[in-house]
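Hello,

Here is the structure I promised to pass on. Please open it first, then read my notes below.

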Amino acid sequence: MAKTTISDIAKALGITPSTVSRALAGNSRVSEATRMMIERKASEMGYERNLLASSLRKGFTDTVGMIVPRINRQFFSNVISGAEAILNPAGFNLIICQSHERREDERRAIATLIRNQVAGMLVSHSLESTSSESLREVVDQGVVLVQFDRIFDDLESSTVVNDNFSGAYEATKHLIEAGYHRIGHLGGDDQSNVYIERRRGYIKALTDAGMAVDEDIIFGDSITRDKGFYNMAKALDKGCDALYCAGDYAALGVMEYARHNHIDIPGQFGVVGTANENFAELLVPSLTTLEQNATEIGQRAAQAFLDMRFNGVVSNIVVSMKLIVRDSASRQHK
């Protein structure tokens, strides 16, 4: 069977092909009533848009690229879900690339997406990427760029980040108010905006409470399960009775060390994590942690892309974090 064409739809409705074409392209010159009538008829007749031809005319595809460090992390999978919920109804498809935390993989993904003429990119850069060099190519090529979670400040792009400072402040304050006296910090890469802000929030909470800030109990590059396990031993040696962890996997390692060494949590030692990973509620004791609202970040990043693409509006969005109080830091001050 021959494919239905724009001319076929126009003939069936008794209107011009140009009106049908404009309506199906979302042109504002066509009234809402006329557009809906044309879209209904196109659907009835089985019309399928020639996306390649449309893309060539517009100079970009109806595709948005997203680059994430790891797709198997709950945070990033929820960001993807949130972004699709906004982009798909707007007529855009999302293609996902992983950097695996490697700079070269990220560069290859950026180059591939540019070659495929994506309309925009939503990017959380890898930990190996210490400068905006690769992402600058995106801006230079005229591709709409939205950075989320991990960002560089020296780029012309929209950004969507958590309020990592306030979240870390509340997490540390919770440990202080629960009666812990020597609170350490398992942080991340000291060149990443995310972990810099979490460290700042931790330090500010201690300072506001009149507690000393001791660099010896601040452990960088400690967001993995193994590093959490290893640095828990060091924290205990330095007299810590609690840790604020910049990631839930580090907190998991801390709690495993405590279990293997018969250390009571929260009675002897308090733990607060970050991210509210799926396992956090299932641990015994359950893990007090910060909710990052990943789905909202994905939605806001997608909307920021649409705002830049169609209205030229650049946004810098900060999403609040929420402390989920469970059992791992419930010791009360006596």
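The chain has 12 helices and 12 strands. Both are DSSP runs numbered from the N terminus: helices are H or I with at least four residues, strands are E with at least two. This is a predicted model, in which local features need pLDDT of at least 70 and side-chain atom pairs count only at pLDDT 80 or more, while totals for chains, interfaces and linings use all residues. Residues are numbered from 1 along each chain as its sequence is written, and side-chain values use heavy atoms, with hydrogens and water left out.

Overall form

The C-alpha trace spans about 80 × 35 × 35 Å along its principal axes. The chain has 334 residues, and 50% of them count as buried. Buried means under 20% relative accessible area, exposed means over 50%, and partly exposed is in between (1.4 Å probe, protein chains only). Take the contacts (heavy atoms within 4.5 Å) between residues at least 6 apart in sequence: 72% of them join residues at least 24 apart.

Cores

A nonpolar core here is a set of buried Ala, Val, Leu, Ile, Met, Phe, Trp, Tyr and Cys residues joined through side-chain atoms within 4.5 Å. The largest one has 43 residues. Within it, Ile-183, Phe-269 and Val-271 touch the most other members. Eight elements are listed as giving it two or more residues: helix 8 (164-177), strand 6 (183-186), helix 9 (193-208), strand 7 (218-219), helix 10 (225-237), strand 8 (242-245), helix 11 (248-260) and strand 9 (270-274). Helix 11 supplies the largest share, seven residues.

Which residues does Ile-183 touch, not counting residues up to four places away in sequence? They are Thr-172, Leu-175, Ile-176, Tyr-202, Leu-206, Met-211, Ile-217, Asp-241, Ala-242 and Tyr-244. Another core, of 27 residues, lies apart from the largest one. Its members include Val-64, Phe-76, Ala-294 and Leu-306.

Helix pair

Helix 6 (residues 103-115) and helix 7 (residues 133-140) have axes that come within 9 Å and cross at roughly 10°. That makes helix 6 roughly parallel to helix 7. Axes are lines fitted to C-alpha atoms, for helices over the stretch in contact, with angles from 0 to 180 degrees between N-to-C directions. Angles under 35 degrees count as roughly parallel, over 145 as roughly antiparallel, 65 to 115 as roughly perpendicular and the rest as oblique.

Helix 6 makes the contact with Arg-107, Ile-110 and Ile-114. Helix 7 makes it with Glu-133, Ser-134, Leu-135, Glu-137 and Val-138. By class, that is four nonpolar, one polar and three charged residues. Nonpolar covers Ala, Val, Leu, Ile, Met, Phe, Trp, Tyr, Cys and Pro; charged covers Asp, Glu, Lys and Arg; the others, Gly among them, are polar.

Ser-132 is buried, at 5% relative accessibility. Beyond residues up to four places away in sequence, Ser-132 touches Phe-152, Asp-154 and Leu-155.

Cysteines

The structure holds zero disulfides (pairs of cysteine sulfur atoms within 2.5 Å). For Cys-240, the closest cysteine sulfur is in Cys-245, 11 Å away, so too far for a bond. Cys-240 is buried, with a relative accessible area of 5%. Cys-97 is buried as well, at 16%.

Backbone points to check

Most residues other than glycine have a negative phi, and most peptide bonds are trans. The exceptions below deserve a look.

- Ile-265 to Pro-266: a cis peptide bond, omega near 15°. Pro-266 lies in the loop between helix 11 and strand 9.
- Val-284 to Pro-285: also cis, omega near -5°. Pro-285 is in the loop between strand 9 and strand 10 (288-291).
- His-262: positive phi of about 55°. His-262 is in the loop between helix 11 and strand 9, and is exposed at 71% relative accessibility.
- Asn-293: positive phi near 55°. Asn-293 is in the loop between strand 10 and helix 12 (294-311), and is partly exposed at 24%.

One more loop

Asn-72 is in the loop between strand 1 (63-68) and helix 5 (74-87). Asn-72 is exposed, at 62% relative accessibility. Asn-72 and Gln-98 are 26 residues apart in sequence and 9.8 Å apart in space, C-alpha to C-alpha.

Best wishes
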